[in-house]
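Here is a short report on charged side chains and helices. Look through the structure first, then read on.

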Amino acid sequence: MKYLGSSIAAATIALLGTAAVTAATGDGRMKADADGNGVLTQPEAMAAADARFARMDANNDGRIDPSDRLARAKARFAKMDVDGDGSVTEAEFLAARDARMEKRAKRKSASREGRRGGKMRKRGGRMGKIMQRADADNDGAVSQAEFRAVAQARFTRADANNDGQVTREERRAQRKMRRNMRGK
């Protein structure tokens, strides 16, 4: 399988490394535990995976592949090109950069207030392997079914007592196990 691009893989890592998205928190971030009770149910996890997939499938073709990366790049360019003339001036570029820096500063501030986040994952390395695992049919793209299968497998691994719910304690145990595995 060809490497699908770091932004696609980074987003996939976000799914594989943490629970995915559904309910918005107060700071605009998303979380999987939709009702906020500290317990992640299987329907919440699958809804979160579906929402994450929809966000990653930038061109809405039902697959995550290099064309999604191109679609996101075009959308970023269009956002920077404020006057819509097909070119980005230095002023437009700097304004976009300042907006990104401000957004990052807010996220960093939020993470200091006890919220998770703030650490940037290094691009490259393991991501190609994760994409290979998600791409079950080796066609160079990740379908929604493949994406959901990975989310389901992750949920099942975390659900230690097989009751269809992942508690905070089960999530902590899963994270600890992953950390130990990374060290080996």
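E102 and K106 both sit in helix α4, four residues apart, about one turn of the helix. An α-helix has 3.6 residues a turn, so residues three or four places apart point the same way. The side chains of E102 and K106 meet in a salt bridge, meaning a side-chain nitrogen of Lys or Arg within 4 Å of a carboxyl oxygen of Asp or Glu. K106 is exposed, with a relative accessible area of 55%.

This is a predicted model: local features need pLDDT of at least 70, side-chain atom pairs count only at pLDDT 80 or more, and totals for chains, interfaces and linings use all residues. Residues are numbered from 1 along each chain as its sequence is written, and side-chain values use heavy atoms, without hydrogens and water.

How many salt bridges does the structure hold? The structure holds five. Among them are these:

| Pair | Distance, N to O |
|---|---|
| R63 and D65 | 3.4 Å |
| R97 and D98 | 3.1 Å |
| E102 and K106 | 3.7 Å |

R63, D65 and D139 are linked in a network of salt bridges. D65 is buried at 8% relative accessible area, while R63 is partly exposed at 32%. Buried means under 20% relative accessible area, exposed over 50%, and partly exposed in between (1.4 Å probe, protein chains only). R97 is partly exposed at 35%, and D98 is partly exposed at 40%.

Now turn to helix α2. Its buried residues include A45, A48 and F53.

Key. Helix = DSSP H or I, 4+ residues; strand = E, 2+ residues; numbered from the N terminus.
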